[in-house]
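Here is a short briefing for a reader meeting this structure for the first time. It goes topic by topic, with the sheets and the helices taken in turn.

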Number of protein chains: 2
Amino acid sequence: MAEPSIQTPISDGCGQSCAPGAGLDVAAAERAAAVFKALSDPVRLRLYSRIADCDGETCVCDIQDVGVSQPTVSHHLRKLREAGLIDCERRGTWVYYRAIPTALAPLDALRAGNQTTH
Amino acid sequence: MAEPSIQTPISDGCGQSCAPGAGLDVAAAERAAAVFKALSDPVRLRLYSRIADCDGETCVCDIQDVGVSQPTVSHHLRKLREAGLIDCERRGTWVYYRAIPTALAPLDALRAGNQTTH
């Protein structure tokens, strides 16, 4: 089905539906969108889900077999880290990654919205 | 801090950290990434959060004042619909949108991972 066009000026409104709140404000939307963007690549998401699947930290040696080159893995891990979703520490030869659960907090606002009743 | 390079072949492993499960499989990661991509634009996310903030449906007339043109609003709503996050119905002059809560299920998979203990 083609997207219905939005033809009518908003001067009056329909008066028929739930009048929503303001939703996310601009700053909150920008923060949450950045988190979603970091999770919007399938390979990056698989890497993140493997890290998040651990209660503690996991060695890069245990997560990098996702079908892409090591530099690509490194690139994706950097993006996840820049988004605040993971942190890492080098110890000796290996780099250890852990998920930062609070990084998903901006996503709770969407859940809350879905559960609100009016 | 610069991203530590991953220098070492994966032939043996470090033997020190949580050995994660497989994480999301490829198909699940692709589905989830598509949902997250749809939510990775701040304006699109604000539109979605306004729709999701309603228990039922909301008229486009009530959500489109997000600081962009009507064609841009229409473009973003189409992307949200293509991702399965919202549905819509035209009745007379107006188009009514509702959120599809199950579309956020991929978020639960990440949450579950974060909450797993080993």
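Predicted model: local features only at pLDDT ≥ 70, side-chain atom pairs only at ≥ 80, totals over all residues.

A crossing is right-handed if the near helix is turned clockwise from the far one by less than a right angle, and left-handed if anticlockwise. Two packed helices are described by the angle between their axes and the distance between the axes.

**Helix pair in chain A**

- Helix H2 of chain A covers residues 42-52, and helix H3 of chain A covers residues 70-82.
- The two pack at an angle of about 70 degrees, and their axes are 10 Å apart.
- Angles of 65 to 115 degrees count as roughly perpendicular, and H2(A) and H3(A) are therefore roughly perpendicular to each other.
- On the H2(A) side, the contact is made by Val43(A), Arg44(A), Leu47(A), Tyr48(A) and Ile51(A).
- On the H3(A) side, Val73(A), His75(A), His76(A), Leu77(A), Lys79(A) and Leu80(A) take part.
- By class, the contact of H2(A) with H3(A) holds seven nonpolar, two polar and two charged residues.

**Sheet in chain A**

- Chain A has an open sheet of three strands in the order S1-S3-S2, with antiparallel pairing.
- Strand S1 (57-59) and strand S2 (86-91) of chain A are the edge strands, and each pairs on one side only.
- From one strand to the next, the twist averages 30 degrees.
- Three bridges join S1(A) to strand S3 of chain A, residues 94-99, and the two run antiparallel.
- Within this pairing, Glu57(A) stands opposite Arg98(A) in S3(A).
- H2(A) packs on the sheet and touches S1, S2 and S3 of chain A. The direction of H2(A) makes about 85 degrees with that of S3(A).
- H3(A) also packs on the sheet, touching S2 and S3 of chain A. The direction of H3(A) makes about 120 degrees with that of S2(A).

**Sheet in chain B**

- Chain B has an open sheet of three strands, ordered S1-S3-S2, with antiparallel pairing.
- Strand S1 (58-59) and strand S2 (86-91) of chain B stand at the edges with a single partner strand each, so one side of each is left without a neighbour in the sheet.
- Two bridges join S1(B) to strand S3 of chain B, residues 94-99, and these strands run antiparallel.
- Cys59(B) stands opposite Tyr96(B) in S3(B).
- Helix H2 of chain B, residues 42-52, packs on the sheet and touches S1, S2 and S3 of chain B. Its direction makes about 85 degrees with that of S3(B).
- Helix H3 of chain B, residues 70-82, packs on the sheet and touches S2 and S3 of chain B. Its direction makes about 120 degrees with that of S2(B).

**Helix pair in chain B**

- H2(B) and H3(B) pack at an angle of about 70 degrees, with axes 10 Å apart.
- That angle makes H2(B) roughly perpendicular to H3(B).
- The crossing of H2(B) and H3(B) is right-handed.
- Residues making the contact include Leu47(B) and Tyr48(B) of H2(B), and Leu77(B) and Leu80(B) of H3(B).
- The contact residues divide into seven nonpolar, two polar and two charged.

**Ala109 in chain B**

- Ala109(B) is found in helix H4 of chain B, residues 105-115.
- Ala109(B) is partly exposed, with a relative accessible area of 36%.
- The C-alpha atoms of Ala109(B) and Ala32(B) are separated by 9.3 Å, although the two are 77 residues apart along the chain.

How values were computed
Residues numbered from 1 in each chain as written. Chains lettered and ligands numbered in written order. Heavy atoms only, no water. Pairing = 2+ DSSP bridges. Helix = DSSP H or I, 4+ residues; strand = E, 2+ residues; numbered from the N terminus. Contact = heavy atoms within 4.5 Å. Axes fitted to C-alpha atoms, helices over the stretch in contact; angles between N-to-C directions. Parallel < 35°, antiparallel > 145°, perpendicular 65-115°, else oblique. Nonpolar A, V, L, I, M, F, W, Y, C, P; charged D, E, K, R; others polar. Buried < 20%, exposed > 50% of the residue type's maximum accessible area, 1.4 Å probe, protein only.
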